[in-house]
Amino acid sequence: MADRVRIFDTTLRDGEQTPGISFHLREKLEIARALERMGVDVIEAGFAASSKGDMRAIQAISAEVKDSVICSLCRCVEADIRAASEALEKAAQKRIHVFIATSPIHMAAKLHMTPDEVYDAAVRSVTLARNLCDDVEFSLEDATRTEPEFLYRMVEAAIRAGASTINLPDTVGYAAVSEYGQMFRDVLAKVPGADKIILSAHCHNDLGLSVATSLEAIRAGARQVECTVNGLGERAGNAPMEEIIMGLRTRKNYYSCDTRADTRRIYQLSRMLSSLTGVEPSPNKPVVGANAFQHQSGVHQHGVLSNRETYEIMKPEELGIPQQSLALGKLSGKHALADRASQLGYRLEGEELNSAFASFKDLTDRKREITDRDVLAILRDARASLNGAYKLFAFQIFTGNRMTSTATVTLEKQGETVTRAATGDGPVEAIFNAVDDIAGMTCTLMSYNIKAVTEGRDALGEVTVRVNHEEDTVLGRGVSTDILEASCLAYVNAVNRLIRHREAEKQTEEAT
Ligand code: MN
């Protein structure tokens, strides 16, 4: 019998610390529902005390998700722990996750606390958390750079104070593989009671070892792993959930461990996160990368054709990767589009479906074969443009190599149109300046990316912009066969998001 390893997903907390990424309430709920359907054991839904947005998200997820434990992170601070308890009130299964740094460098440089002060704060906080919640996890931040004797002392104290899960994170991705496993063996051998609770691994990928260290910890006795979808997270990211799940599943004969995850949902979940973040996994990413199941060399193709197992250790269908999907074209209906959308991680309904279907029909007039990549671009665009305040009505550009570019842009908002002209160093900047003028905002363009969605001259161009205004940075997208139009759509999309954020913030302030 395989031992059960619990999957603790922190996409909504550590994953949201990916530079440039933040999720909205609706997106967080959508992700949490998908994690629950996949069979994730614990969902770290946020850090309740860190912001009103996190607080509301944890509350909303707690009210809805029943099959996974919902968890909030807290520092060893009374207000944090009380905020977590409040946020989790409606959860059917809840956990308070308390952490404090225990390495000499973190204690001295960040906390300005002595080891004894850290010890006292941890005991006090775990005790309080335990009074508010039966399920308490305690993390020793930067465990892999902590003095071993102090680590044992802290783990023992946290267990005595009532923590039922102890997490030993490799916060900075520093540990060597066997060294990380040894830490778990040492804790099990030296700390009284450590065999009665769940030990947890939490690894970062700074040296590309996060999956290896996580799996080694499981070999050494850890029965929970903390991870994120697609390996999202600060710096080089957290350990990717899909690789750990498939590592255990594929080599169950070696690890004698397994998770309760439904692997057939992996691909959809990965697609959903790419679509919400705009961050595509690299093509050679294990398990979910675009090339993960592509066989290029003749020898390999021949082998796979006679028996897939010659070169495939996992089956694409086991991950829910759609097989031989029917090509979409001129005759495909709304239902076919919604179906394909759901395979690609989007749930389309109502207005969103209508808007996506309209762009789909529009594209079939210009392009014979519609690939999944085209569909993805349309879906991202439909989602982006829908709730927008401003819509692009018309634009005109005057540009050349020996002149100042001028753009005239007309945007529509609630039936009214506004037209402004502006100049710029090139046509794109001129467009952006005109949009800024209409919206009455001065935004900073942080990045601008353009790519052809597919091969060929009739390909769609997809523009992604990252735009900053005051404290807020958002992603905007636009897609069109005309790259200047795509640029304008992307920028208008970003401005709409900025406006929406500002309004949402105003509402929360009024509500509290
Ligand atoms: Mn982390």
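**Close-up views of a predicted model**

**View 1. Tyr180 and Phe184 are both buried.** Buried means under 20% relative accessible area, exposed over 50% and partly exposed in between, for a 1.4 Å probe and protein chains only. The two residues stand four apart in helix α7 (residues 177-190), about one helical turn. Helices (H or I, at least four residues) and strands (E, at least two) are DSSP runs, numbered from the N terminus. The model is predicted, with local features needing pLDDT of at least 70 and side-chain atom pairs pLDDT 80 or more, while totals for chains, interfaces and linings use all residues. Residues are numbered from 1 along each chain as its sequence is written, and side-chain values use heavy atoms, without hydrogens and water.

**View 2. Aromatic rings pair in this model.** Rings of Phe, Tyr and Trp (its six-membered ring) pair if their centres lie within 6.5 Å; planes under 30 degrees apart count as stacked, over 60 as edge-to-face and the rest as tilted. This rule gives five aromatic pairs. The centres of the Tyr180 and Phe184 rings are 5.0 Å apart and the planes stand at 75°, so this pair is edge-to-face. Phe432 and Tyr448 make a tilted pair, with 6.3 Å from centre to centre and 55° between the planes. This pair links distant parts of the chain, 16 residues apart: Phe432 belongs to helix α16 (residues 427-439) and Tyr448 to strand β14. Phe432 has a relative accessible area of 4% and is buried, whereas Tyr448, at 29%, is partly exposed. Together with Tyr491, Phe432 and Tyr448 form one aromatic cluster.

**View 3. A manganese ion is held by Asp14 (OD), His202 (NE2) and His204 (NE2).** These residues coordinate the ion at 2.0 to 2.3 Å. Donors are N, O and S atoms within 2.8 Å of the metal (3.2 Å for Na, K and Ca); water is not among the atoms, so sites may look incomplete. Along the chain, the donors have the spacing D-x187-H-x1-H. Asp14 lies in the loop between β2 (6-9) and α1 (25-38), and His202 in strand β8 (residues 198-203), so the pair ties together parts 188 residues apart in sequence. Asp14 and His202 are both buried.

**View 4. The largest nonpolar core contains 98 residues.** Such a core is a set of buried Ala, Val, Leu, Ile, Met, Phe, Trp, Tyr and Cys residues joined through side-chain atoms within 4.5 Å. Phe138, Ile166, Leu168, Phe184 and Met241 have the most contacts inside this core. Helix α6 (residues 148-161) supplies its largest share, nine residues. Another core, of 27 residues, lies apart from it and includes Tyr390, Leu411, Cys443 and Val492.

**View 5. Strands β14, β15 and β16 form an open sheet in the order β14-β15-β16, with antiparallel pairing.** The edge strands, β14 (444-452) and β16 (472-480), each pair on one side only. Two strands pair if DSSP finds at least two bridges between them. β14 and β15 (residues 461-469) are joined antiparallel by eight bridges; in β15, Glu462 is the bridge partner of Lys451. Between β15 and β16, which also run antiparallel, there are nine bridges, and Asn468 faces Thr473 in β16. The hairpin of β15 and β16 has two residues between the strands, and Glu470 takes a positive phi near 50° there. Seven of the nine residues of β16 are buried.
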